Amino acid sequence: MERIQSQFRKNWQHKLENLGFGYHSLDGLYWDESHYYQLSPEEINIIEGATAELWQMCLAAVDYIIEKNLWDKFSIPEWFRNYIIMSWEEDHPSIYGRFDFGFDGKNLKLLEFNADTPTSLYEGSVIQWYWLQELFPYKDQFNSIHEKLVGYWTHLKNYMNPHHIYFASLTNMEDVTNVEYMRDCASQAGFDTEFIPVQDIGWAEDVSEFIAGDRSVMEYIFKLYPYEWILADGFGEKLVKNGFRSQWIEPAWKILLSSKAILPVLWEMYPGHPYLLESYFEPRDLKDFVKKPIYSREGANVSIHKNNIQVEENDGIYGKEGFIYQQLFELPDFGGNYPVIGSWVIGQEPAGIGIRESVHLITNNQSRFVPHLIG
């Protein structure tokens, strides 16, 4: 894995905005093509193989959590548990997820799994592909995200009727861009689609139905809005009352995989597994470790400890559900830049990667997206 200097393309901002990618520089530089990462075919094979294996391990972990009654570890209220179990047993469809890996070219370790509301989808799929086509048309990239998204939505058409899906998010630019891209993929697969701000989803108490602005009953809703927020803001009770007459994508069982609590559970199930870092619900005898809230976004409330001394910390609003403790993995250091590889699973398959790098050891919302190619 090499980090190679490059040049920004002429009028690069304009080119990105023409593709509908408007948040390339909102809070400082986010899209960074001043260099790129080059990975060997062998390294790509490692990442692809790990993604496929970890996905199967995570599916097994959902069964394990339900069977062992580990709900309290995930801070899941009792009244929501059967709803999760039903979404799992009825095999409600999951479209996507993003594993975050630490990878130094040889050792690959799972840092966490963004299983419920992963972002950086559009830049991972479309934006870095256009960058490659313009600058390195003779090179390849680990990136079949778009094809697999359209393919999986096409597959789901056989099971979803009617073929009308609402796509919901908050109205910030990043969320809307990611959701509109997902909506476009579903449209290409033949679905009728409609965007709705998540706060505009109505609730008809008399019939316990979710309704759109025109009073239509919403049968399928893709939401970029985390389940832990749904539980916290009183919306979860409505999901239970509705009883799946509205089906939500991602499904409720994904809350288990998106929680950091999945990391100690995986370690308990697969102790010593080469893709896993030692992880527990208490520090145990770890000396170099990362303390992570059970639920957290963009690295908030994460702290790094070396030899039991805290060396870096992000503040935030998370942590009330508790923390997990994960063995520290030393990210590769490219001149003070630390990359994390986001590896996508679409449907049931590995689909490509996006790389985000930070000048901090904890990847946060200030980290940059850097394109890659296969060398």
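**Exercise 1.** How many cavities of 30 Å³ or more does a search of the whole structure find?

*Solution.* The model is predicted, local features need pLDDT of at least 70, side-chain atom pairs count only at pLDDT 80 or more, and totals for chains, interfaces and linings use all residues. Residues are numbered from 1 along each chain as its sequence is written, and side-chain values use heavy atoms, without hydrogens and water.

Step 1. The search finds one such cavity. A cavity is a set of points, on a 1 Å grid over the protein atoms alone, where a 1.4 Å probe fits but cannot get out; lining residues have an atom within 4 Å of a point.

Step 2. Among the residues lining the largest cavity are Tyr96, Met182 and Phe222. Helix α6 (173–188) gives the most to this lining, with three residues.

**Exercise 2.** Describe the aromatic pair of Tyr96 and Trp344.

*Solution.* Step 1. Rings of Phe, Tyr and Trp (its six-membered ring) pair if their centres lie within 6.5 Å; planes under 30 degrees apart count as stacked, over 60 as edge-to-face and the rest as tilted. By this rule there are 33 aromatic pairs.

Step 2. Tyr96 and Trp344 are stacked, at 6.0 Å centre to centre and 15 degrees between the planes. Tyr96 belongs to strand β3 and Trp344 to strand β16, 248 residues apart.

Step 3. Both Tyr96 and Trp344 are buried, that is, under 20% relative accessible area (1.4 Å probe, protein chains only).

**Exercise 3.** Why is the pair of Phe210 and Trp248 edge-to-face?

*Solution.* The ring centres of Phe210 and Trp248 are 5.2 Å apart and the planes stand at 90 degrees, so the pair is edge-to-face.

Terms used: 1 Å grid on protein atoms, 1.4 Å probe; cavity = no way out; pocket = protein on both sides within 12 Å on 5 of 7 lines; lining within 4 Å. Points joined across faces, edges and corners; volume = space filled by probe spheres on them. Helix = DSSP H or I, 4+ residues; strand = E, 2+ residues; numbered from the N terminus. Buried < 20%, exposed > 50% of the residue type's maximum accessible area, 1.4 Å probe, protein only.
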